[in-house]
Amino acid sequence: MELSFRWYGEKDQITLQQIAQIPGMVGVVGALFDIPAGVLWPRERLADLVQQIEAVGLRLNVVESLPVHEDIKLGRPNRDELIETYRQNIARLGEVGVDVICYNFMPLFDWFRTDLAFDLPDGSNALLYDHSQLDNSLDPWEAELPAYFPLDESPDDLKEAYRNTTEADLWDNLKYFLDGVCETAEDANVKMALHPDDPPWSIFGLPRIITDEAALDKVLEINTSPANGLTFCTGSLGAKQDNDLPAMIRKFGDRIYFAHCRNIRHTGDKVFHEVAHPPQYGHVDMVEVLKAYADIGFTGALRPDHGRMIWGEEGIPGYGLYDRALGANYLLGVWDGLTN
Ligand code: CS2
Ligand code: MN
């Protein structure tokens, strides 16, 4: 596996130099976060990103995310144009040596939590989700959650547009998108890696479909291109307690192109919060997860996903330096023990 770390570019208070100092670090997971979905990524900006990362001895191995425009998810008439732009972006990312494009197909929202700084007993804090608090919680667009890209239409109008979109429609629109982009990805030598929905159930009345093993089966079935694959996120899929994560890793094997390692603790029905990576803190058995990756001979990028805020750090929710660096080191240690 290639140990990797997400970096938010200009808006990140963490520097590439700091990331390079984490033992075993190889890859940087980046994107051009200020560019709305549906717009071409300028070649100079990409070249500059690659150059900054290479200057510290790392490599831009994954782009997360190349966002899918809401009109594609909605199946609106202008989707062909938007898919064409997406194809051009794939080609550009291939040109600069990116191996994997991580994207998601969640309507309107990316990951969502009801508390961005839930206090844990040890004095750290972490992201928490409580389904019963959904309506009294933050406005994701005001909170500027980090995974969100700027929209070119108001969230309220989009919400309205999704009212008539069923899960079946979303599947059709995902297939249409994959049929539109996978050949280009094959030619560009780039893998498409669909991130599961987080949390993996409907929120705010909007459909969510990438939630469990049956859904991942279906993703691979609706388009059989080898460029069509998965981001396996233990934190997202683990929120559904009947998802058997190690078994799913063994099953989807070489169609997993990108590994996200995150541990969560369930405290009720659809109530969970994020915790440190080692298994004793939560319900994701990270050792078993890594054993499964070792068994399938995983060679792709693997990154700690969210971390807690520890040692008084403040920053982008879920994306501080310290706990993710500890997580990276834990993952590498277990991995080395399993594979050497
Ligand atoms: C990520 C994803 O920040 C995160 O938690 O795991 O939400 C990711 O950024 C996108 O969904 C991938 O498209
Ligand atoms: Mn993830």
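The model is predicted: local features need pLDDT of at least 70, side-chain atom pairs count only at pLDDT 80 or more, and totals for chains, interfaces and linings use all residues. Residues are numbered from 1 along each chain as its sequence is written, chains are lettered from A and ligands numbered from 1 in the order in which they are written, and side-chain values use heavy atoms, without hydrogens and water.

**Exercise 1.** State which residues coordinate the manganese ion (ligand 2).

*Solution.* Donors are N, O and S atoms within 2.8 Å of the metal (3.2 Å for Na, K and Ca); water is not among the atoms, so sites may look incomplete. His195 (NE2), Cys233 (SG), His260 (ND1) and Asp305 (OD) coordinate the ion at 2.2 to 2.5 Å. Cys233 in strand 8 (residues 228-233) and His260 in strand 9 (residues 256-261) link distant parts of the chain, 27 residues apart. Strands (E, at least two residues) and helices (H or I, at least four) are DSSP runs, numbered from the N terminus.

**Exercise 2.** Locate the cis peptide bond between Asp198 and Pro199.

*Solution.* Omega of this bond is about -5°. Pro199 lies in the loop between strand 7 (191-195) and helix 8 (213-222).
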